[in-house]
Amino acid sequence: MKASVVSISNAQLLEENCVFVDTDNYNKLRDLASLNDDPRNLLYLDLRGVPVLCKADATLAPGSISLPMKQRERCRLELRAQVDLNPCKLSGKVDSVLLEIRSARELRADTELEGDTLYKIARERFTSLPAVSSNNGEYYIVIDRKTFILTIAELNTLPDPMQASQVSGPGAATPCFHSTTNYAFRSVNPKLVLKGGHIDHPTSATAATIAKFIGPTDPSNETGQQSVAGDSPDKSFSSILEIGGLDKQLRDIFRRAFSSHMISPAKLQELGISHVKGLLLYGPPGTGKTLIARSIGKILNTREPKVVSGPEVLNKFVGGSEENVRNLFADAEKEWEEKKERSELHLIIMDELDAICRQRGSRSDSTGTMDSVVNQLLAKMDGPTSLGNILVIGMTNRKELIDDALLRPGRFEVHLEIGLPDLEGRHQILQIHTKRLSACNSLDSSVDLEEIAKKTPNFSGAELAGLVRSATSFAINRVVGLTSNASSGQGTGDIVVTRDDFLNALTEVKPSYGSVDEADIDAILPLGIVPGEPYDSLVANVLDFVKTIDQGSSLIGSLLLCSETTGVGATAICARVIRDAGFDFAKVVSMERLVRQAATELGIANSISNVFEAAYHVPKALIILDGIEGLINYTPVGMRFSTTVFRTIASLVHCPPPSGRKLVVIGTTAAYGAMHEIGLAGSFEMHVRIPRLELDQACAYIRKFCETITTRSGVQCQLEPNKHVSQALKAMASDGRPIRLKPIILALEEANRVCKEEDRPLKWGDVERSLEKI
């Protein structure tokens, strides 16, 4: 049976989403399809391989079939063409379907449609229609005189047990919509806004990428952290992003700042929450803050991230700095006005945030530019016209300098400390930086990265990268040589980095937050601490105090070593404690060192604060305040001292470090009475007095020092033990003056020098003559 193709006679028939034939042909086709016994009493035709629902139209001329234009295009038919009419049957029914909706005509303004209304219309109009998801299958609905086109985006079917075994031929693989079909709708037109239920909001490119990194929560994981989606348990964020030692921080970032982007805007509105707009990464330099921000910008399918350093925002013209801040948000504002919640995420990365966002009023700025920059950033992040499609990542080494208004929720509400990596983190970082060496067989089997990680406490990621470069330079120099023609490239294939190269690199690459250099300790202890009382007991007492703080519940402990005068060994005791305590971080703060860094009271106070701030970044730290009376510039005449430095020390020795970290502060003073009178000594929890040296103890130390000095210099020592007592020291003791070790050591060095020049043994008379000079 054939029919001639004509257009539809009535625009209202477009909503039927079917074809029409004249009444005579319709009855003949029903008889041909044996539909009299079909309970649904529906006729389906196969038009050139496309199954369609057929209905009768009494207004059509005999031998005609009417189709809308899109239906004709789908079936590859032209007007007045002759087409075969072949009845067919469908198999299966649609369980659920996602329909994408757009307007048939261009929308000049935003148009809102209720999802519940669309669902009701689909249930009434689409039931029993063939579910054609290919060949440009389209369905039409009319709402408020506006025509909308729907296409199938996703389809889930169920077999029809009544027909599955009976249907074959054309249409056998095509299901139909059923009265129980679940419909969901998605807008593909920016100006067509769907609201209410049965709405499937499109997954943004950002959300799709995040889904690759945040997997479902593992029930067996007691911490409740998400796993990395689609990866083995051994695969971590560090391996995916090639950022070592920051697994926990990266998980926290994705959970707190990005997980909400996986939820539809309607659901977020229902829950009454909004996206995080600001993320602040803080911590010591070189720990990976900038690397994290840049990596996030690369892996997320956001708009092109805008990366700016704080000082780059500033402009010499009035108002220029504020304009630069507004320009950072311009693209996000434009897209937000056009698409609202459907806008993609815009990432703004601001490095060195403390350079432009310090506390307002803290700078004497005649133009007020710095305060205006802060105000402009506040308004853009959470002002009257705040945006919902931005994430500003700020980075700083000095979080305490940032204006408080920026740190509240709604602005930089997520604060994550990016600290120094632990042992496992250092191992991961070394693996990343040596991956290419291993790939080209340039890493010797003697290199144990775990061993190197253990030898690099308090190394930052940047310092570990520098360590690998330094080790590689030793290997390159061994093959190429500084004097050879490096441009020839000969022998470069034999470059192999060995364990010795890493050990050599450790001697020249030092951590910024590391222990005191051995050279500094040797300068404090040129002869070491010779065993004997009372110094053995003093060292033991101080070490016991350090262990008590380290192993106890207290986060900070302070001890003051008190003596009557200088040069009695207080600094040497501290140096011995540094060596024996085993802390990864130890700093000696003395006036001799500070005068090279600062010349004013405020500069000295800031330098001391910086040492304490650095100590807060490491697990265990030891700070020596050597000569606190000198640090505060104490003058006994008139009892004068620097109140600025005084307040700084008095406050810091009480200020505990962050949770999970330990800090021990040891101070020394040769003016205990004065320090007690002004109240500084009371800031220390424990006081340990260094007793006077008795005459016999001093003579015993002289003999031990002489043995040490002469052994180093090669001079023969001929001091008879316990036979001589220094008359010079005896006279000093009889006058009530304390015996000082430092001048004694200087005198012994003098005696040793004379004997070495005259090439003769060191005897007691040489010692006595040198002691008389002091």
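**Note on the predicted model: cavities, burial and selected residues**

1. D759 is exposed, with a relative accessible area of 71%, where buried means under 20% relative accessible area, exposed over 50% and partly exposed in between, using a 1.4 Å probe and the protein chains only. D759 sits in the loop between α27 (741-758) and α28 (764-773), the elements being DSSP runs numbered from the N terminus, with helices (H or I) of at least four residues and strands (E) of at least two. Although D759 is not a glycine, its phi is positive, at about 55°. As background, most residues other than glycine have a negative phi.

2. This is a predicted model, in which local features need pLDDT of at least 70 and side-chain atom pairs count only at pLDDT 80 or more, while totals for chains, interfaces and linings use all residues. Residues are numbered from 1 along each chain as its sequence is written, and side-chain values use heavy atoms, with hydrogens and water left out.

3. R48 also has a positive phi in a residue other than glycine, near 55°. R48 belongs to the loop between β3 (43-47) and β4, and at 44% relative accessibility it counts as partly exposed.

4. For the protein as a whole, there are 28 helices and 23 strands, and buried residues make up 49% of the 774 residues. The protein exposes about 38,100 Å², of which carbon and sulfur atoms supply 48%; accessible areas come from the Shrake-Rupley method with a 1.4 Å probe, and for residues only the protein chains shown count as cover. Among contacts with a separation of 6 or more, 78% join residues 24 or more positions apart, contact meaning heavy atoms within 4.5 Å.

5. The structure holds 4 cavities of 30 Å³ or more. A cavity is a set of points, on a 1 Å grid over the protein atoms alone, where a 1.4 Å probe fits but cannot get out, and lining residues have an atom within 4 Å of a point. Grid points are joined across faces, edges and corners, and a volume is the space filled by probe spheres set on the points.

6. The largest cavity contains about 150 Å³ of space. Its lining consists of 17 residues, of which N17, C18, Q71, R74 and E138 lie nearest the centre. Two or more lining residues come from each of β4 (50-56), α2 (69-74) and β10 (139-143). At least three come from each of domain 1 (2-87) and domain 2 (94-158 + 176-200), with domain bounds taken from an automatic or database domain assignment. By class, the lining of the largest cavity has 11 nonpolar, 3 polar and 3 charged residues, where Ala, Val, Leu, Ile, Met, Phe, Trp, Tyr, Cys and Pro count as nonpolar, Asp, Glu, Lys and Arg as charged, and the others, Gly among them, as polar.

7. The second largest cavity has about 90 Å³ of space, and the residues that line it are Y535, S563, E564, V568, I690, P691, R692, L693, P738 and I739. These divide into 7 nonpolar, 1 polar and 2 charged. R692, one of the lining residues, is placed in the loop between β23 (686-689) and α25 (695-713) and is partly exposed, with a relative accessible area of 37%. The C-alpha atoms of R692 and T565 are separated by 9.7 Å, although the two residues are 127 residues apart along the chain.

8. F148 lies in strand β11 (residues 146-158) and, at 1% relative accessibility, counts as buried. Leaving aside neighbours within four places in sequence, F148 is in contact with I101, R102, S103, A104, L113, Y139, Y140, I141, I143 and L192. For F148 and I101, 47 residues apart along the chain, the C-alpha atoms are separated by 6.6 Å.

9. S4, in strand β1 (residues 2-6), counts as buried at 16% relative accessibility. With neighbours within four places in sequence set aside, the contacts of S4 are G63, S64, I65, R80, A81 and Q82.

10. P305 is buried, with a relative accessible area of 19%, and is located in the loop between α8 (289-299) and β15 (306-309). Apart from neighbours within four places in sequence, P305 is in contact with G297, L347 and I349. P305 and R294 are 11 residues apart in sequence, and their C-alpha atoms are 8.4 Å apart in space.

Conventions. On a 1 Å grid over the protein atoms alone, a cavity is a set of points where a 1.4 Å probe fits but cannot get out, and a pocket is an open set with protein on both sides within 12 Å along at least five of seven lines; lining residues have an atom within 4 Å of a point.
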